[in-house]
Amino acid sequence: MAERVRKEVGEVSVLVNNAGVVSGHHLLECPDELIERTMMVNCHAHFWTTKAFLPTMLEINHGHIVTVASSLGLFSTAGVEDYCASKFGVVGFHESLSHELKAAEKDGIKTTLVCPYLVDTGMFRGCRIRKEIEPFLPPLKPDYCVKQAMKAILTDQPMICTPRLMYIVTFMKSILPFEAVVCMYRFLGADKCMYPFIAQRKQATNNNEAKNGI
C-alpha cells in the first residue's frame, strides 16, 4: 500500500495514524482474536506505517507524524483492558519515537500526539458518566476534534488533549494515590462508564446470533 501511495500520490510528508477499533467485551469474555485485532489495529499498525514512510522523511529532514491516540492512553477505566493497553502502547511508541528524532537532531520532522476524550462517532455508544457531570463533559463532536488536532499540527504542538480538562485528570492520576484516583473516578461516574456500552454490545451480538439462528 505504501508503494501504491508513492506511485499514485507521491512521497508522504504528513503521516496521520488514526485507525482504531474496540472489542466491547470484558476481559474474560473477550475472544483472543478480538484482543489481537485491537492490538494490531490500534498499536502495531503505527509501527508498520511509520517504518514505511519515515525513511524518506529522515533523508530530507522534513515531515510530520501525527498519532491519534486517546485519553484512555493516558489514564484507564474498567472493562476496556485491550483498548487501554493498545492506546497506552501507542502513546509509548509515539513518545519514544519523538525522543529518537530529537536524539538524531532531525528537527525538521515534527510529531504531534492527539488524545481526545470520548468522541461522538458511535464507537462507544452507550458509554455514560455520572448524569450530573454529563452536561459539563459531553461527548466531543468529530469536527471539533479535527479542528483542535489541525491547530496542533499546524503550530507544531507536541501534544493536544481535548478538552483541556483531560490534562488535569492526567496530572491528578500522576500525583494522587491509587485509592484517591478510584474515589475521583467514582465521583465522576467514570469507574463503570463503559459498562452500559459493553452491555449494548453484548445485546447486539446476542440479537445477531439469534437472527442468524446460531
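Helix α2 spans residues 32-60, and its 29 residues reach 42 Å from the first C-alpha to the last, close to the 42 Å expected at 1.5 Å a residue. The model described here is predicted. Helix α2 contains a kink of about 45 degrees, which is centred on His 44. Several residues of α2 are buried, namely Thr 38, Asn 42, Cys 43, His 46, Thr 50, Phe 53, Leu 54, Thr 56 and Met 57.

The arrangement of α2 and α3 was then examined. The axes of the two helices, α2 and α3, come within 8 Å and cross at roughly 15 degrees. Angles under 35 degrees count as roughly parallel, and α2 and α3 are therefore roughly parallel to each other. The crossing in which α2 passes α3 is right-handed. On the α2 side, the contact is made by Leu 34, Ile 35, Thr 38, Met 39, Asn 42, Cys 43, His 46, Phe 47, Thr 50, Leu 54 and Leu 58. On the α3 side, the residues in contact include Tyr 83, Ala 85, Val 90, Phe 93, Leu 97 and Leu 101. Among the α2 residues in this contact, Thr 38, Asn 42, Cys 43, His 46, Thr 50 and Leu 54 are buried.

Helix α3 covers residues 81-103 and includes Cys 84. Cys 84 has a relative accessible area of 6%; because a value under 20% counts as buried, Cys 84 is classed as buried. Leaving aside residues up to four places away in sequence, Cys 84 touches Leu 72, Ser 76 and Thr 77. Between Cys 84 and Gln 148, the separation is 64 residues in sequence and 22 Å in space, taken from C-alpha to C-alpha.

The phi of Asn 61 is near 50 degrees, a positive value in a residue other than glycine. Asn 61 is partly exposed, with a relative accessible area of 30%. A positive phi, near 60 degrees, is also found at Glu 105, again a residue other than glycine. Glu 105 is in the loop between α3 and β3 and is exposed, at a relative accessible area of 63%. In the loop between β4 (159-162) and α5 (165-175) lies Pro 163. The peptide bond that joins Thr 162 and Pro 163 is cis, with an omega of about -10 degrees.

How values were computed: Residues numbered from 1 in each chain as written. Predicted model: local features only at pLDDT ≥ 70, side-chain atom pairs only at ≥ 80, totals over all residues. Heavy atoms only, no water. Helix = DSSP H or I, 4+ residues; strand = E, 2+ residues; numbered from the N terminus. Buried < 20%, exposed > 50% of the residue type's maximum accessible area, 1.4 Å probe, protein only. Contact = heavy atoms within 4.5 Å. Expected span 1.5 Å × (residues − 1). Bend = angle between axes of the 7 residues up to and from the residue. Axes fitted to C-alpha atoms, helices over the stretch in contact; angles between N-to-C directions. Parallel < 35°, antiparallel > 145°, perpendicular 65-115°, else oblique. Left-handed = near helix turned anticlockwise from the far one by under 90°.
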